[in-house]
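This report looks at one chain of a model and at its contact with a second chain. Please keep the sequence and the coordinates in view while reading.

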Amino acid sequence: MRVLMPESVSEALAFKATNPDIVPIAGGTDLLVQWPGQLERQAASYLDLSGLDELRTIRWTQDTLELGALTTYWDTLCQPRVGVEHPLLHDAARQVGAIQIQTRGTWAGNIINASPAADGVPVLMAYDATVVLASVDGERQVPLSAFYHGYKQLEARPHELIRKILVPRREHDVQFFEKVAPRQAQAITVVGVTVAHSSCGWRVVASSMAPTVCRCPHLESLLQEGTPVSCPEDLLEPLRADVSPIDDLRSSAHYREQVMSRVLYFNLGETCPAFRSTR
Amino acid sequence: MSDNQRIELRFQLNGESVQVRVHPSDRLLDLLRYDLGLPGTKEGCGEGECGACTVLMDGVPANSCLIPAYQVRGRTILTIESTELADVEPLLAAGTTQCGACTPGVVMTARWIRDHPELLERFGSRQLMAGNLCRCTGYDGIIDGLLALVGQDEEA
């Protein structure tokens, strides 16, 4: 194993261009799990981004919140303005692991790790976040909702690094992040449901329900059209068109469908007229 | 660069500047325990769940089992060995510790909360301590000790 420790973003991009297989490392909260026991399986070389303070920035432009690639969950929790304008970022950050993970784990790392059970990704996706990818060839922007092509299959090319995440600043009249897990901390999501509504429409994002965290277009259209919903079961058909949960060590596909439909039904019953008619 | 890469680095450890050479696969936990002779920091799960290996890195709690040693270059680390008696007396009196395996991590998180009492205005004490698992006390002793340490009577 070896590690390269660039002192600037441009040096990091140059390293990545000449070593496309090198694995970027920031907080290490995913990469170091069971590290000594898995050294044989570890990548041959790492690109340590942790010293690049130019990536550790949170700033607001007129219409965007910009999270530099090294922004940790704790960094956002320390900014009250993030919680006021984008409360789901705080809700999710507080439910990632516990303090010791929140101080180290980064939003960009959560995106790159590409776990279907990620907690940072769904709230960013519900807010229509965009990933800014950088390489020696320049920068390009990819909507987070188009970032995953399949399980751990990313839009990012081998010579690219995430430079920052752009989150639109919009007014939301409905927004919630519901993480269903065995306990309130240090738990991996069994079912995750994130919903946000703004002038740009409804966003429904599911986690631990498909090979990737994903938008749910059928559920979004149902909400957009105001289709009457009189019980959680009414949501199962569009839900099944959107997601493909599996049986695994944490839960069953059946349980996941049931829970997701209920979380949606009971959370939206308070705000969505179509859900109110028969309750 | 060969597979025998060694990285020379300097960092602040418990108030002193130290210089070490580490391998890319070394974790901070290993560096502390085996190279620097500070075995107070314990390895529990080795995967960031139990918090027994908690240290303060640049002033905030982190699991030293999940930190590559090379990442501490230029940073400030506080371990359980920097603890003074006054830091733990309220914990001892409240029955915060039984077998002791989780205790170094519990103490480090509790010291952080004591030094930043404003945290308790935004977070519950149990939420702040949620990253330190304990299989003996049932947690009430830990929370009682924490509240005594920060000078609060009741759990927020």
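## A parallel pair of strands

In this predicted model, Q12(B) has T76(B) as its bridge partner in β5(B). The bridge belongs to the pairing of strand β1 (residues 7-13) of chain B with strand β5 (residues 76-78) of chain B, which runs in the parallel sense over two bridges.

## The sheet and its helix

Both strands are part of an open sheet of five strands in chain B, whose pairing is mixed and whose order is β2-β1-β5-β3-β4. Because β2 (16-22) and β4 (60-63) of chain B each have a single partner strand, they stand at the edges, and one side of each is left without a neighbour in the sheet. From one strand to the next, the twist averages 40°.

Helix α3 (residues 103-115) of chain B packs on this sheet, where it touches β3 (54-57) and β4 of chain B, and its direction makes about 35° with that of β3(B).

## The contact with chain A

The contact between the chains takes 26 residues from chain B and 26 residues from chain A. On the side of chain B that touches chain A, the elements giving two or more residues are β4 and α5 (125-128) of chain B, and the largest share, four residues, comes from β4(B). The residues of that side divide into 11 nonpolar, 11 polar and four charged.

## Confidence

The model scores ipTM 0.96 and pTM 0.96. Chain B averages a pLDDT of 94, and 97% of the residues score at least 70. Where pLDDT is low, predicted coordinates should not be read in detail.

Terms used
Residues numbered from 1 in each chain as written. Chains lettered and ligands numbered in written order. Predicted model: local features only at pLDDT ≥ 70, side-chain atom pairs only at ≥ 80, totals over all residues. pLDDT = per-residue confidence, 0-100. Pairing = 2+ DSSP bridges. Axes fitted to C-alpha atoms, helices over the stretch in contact; angles between N-to-C directions. Contact = placed C-beta atoms within 7 Å. Nonpolar A, V, L, I, M, F, W, Y, C, P; charged D, E, K, R; others polar.
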